[in-house]
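Me: Could you take me through the packing and the strand pairing of this model, step by step?

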Amino acid sequence: QVQLVESGGGLVQAGDSLRLSCATSGLTFSRYAMVWFRQAPEKERAFVAAISGGGGSPYYTDSVKGRFSLSRDNAKNTVLLQMNALKPEDTAVYYCAARRVTVAGPWGPETMNYWGKGTLVNVSS
């Protein structure tokens, strides 16, 4: 009965901003690193950003560094992905995922414990 529910996606123009939210339930939130992936049409699911259980030292893939900001509110069991200066190449379905803080190694999709169903971000040129 663990649930991760993304929201905040939509259609925007290049240069605009969006804020994605991931509301969780059914898990001990602080014991999970929270991770965002995205999947563009005909591409593999790709890592975007991750944040530790305590909310420190967020980590980003190179293509979004300086534009995206990941944070978490452990009191609300929610993570936020602020996306600024959006580009058409950011267009994808964005997925929220949770990984136990005891899991080590790269942020591969296969290491996630739980997944949301995704929210679509469409950035027009």
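**Core and sheet**

Me: Which residues have the most contacts inside the largest nonpolar core?

Reply: In this predicted model, the largest nonpolar core has 28 residues. Those with the most contacts inside it are M34, W36, V48, F68, L81, M83 and Y94.

Me: Which strand supplies the largest share of this core?

Reply: At least two residues of this core come from each of β3 (18–25), β4 (32–39), β5 (46–51), β7, β8, β9 (92–100) and β11 (119–124). The largest share amounts to four residues, and the strand that supplies it is β9.

Me: What is the bridge partner of F68 in β8?

Reply: Strands β7 and β8 (residues 78–83) pair in the antiparallel sense over six bridges, and within this pairing S69 stands opposite Q82. F68 is also among the residues touched by M83, and the bridge partner of F68 in β8 is M83.

Me: Which strands stand at the edges of the open sheet, and why is one side of each left without a neighbour?

Reply: The open sheet has four strands in the order β1-β3-β8-β7, with antiparallel pairing. Each edge strand has a single partner, so one side of it is left without a neighbour in the sheet, and these edge strands are β1 (3–7) and β7.

Conventions. Residues numbered from 1 in each chain as written. Predicted model: local features only at pLDDT ≥ 70, side-chain atom pairs only at ≥ 80, totals over all residues. Heavy atoms only, no water. Pairing = 2+ DSSP bridges. Core = buried A, V, L, I, M, F, W, Y, C linked by side-chain atoms within 4.5 Å. Buried < 20%, exposed > 50% of the residue type's maximum accessible area, 1.4 Å probe, protein only. Contact = heavy atoms within 4.5 Å. Lists of a residue's contacts leave out its neighbours within four places in sequence.
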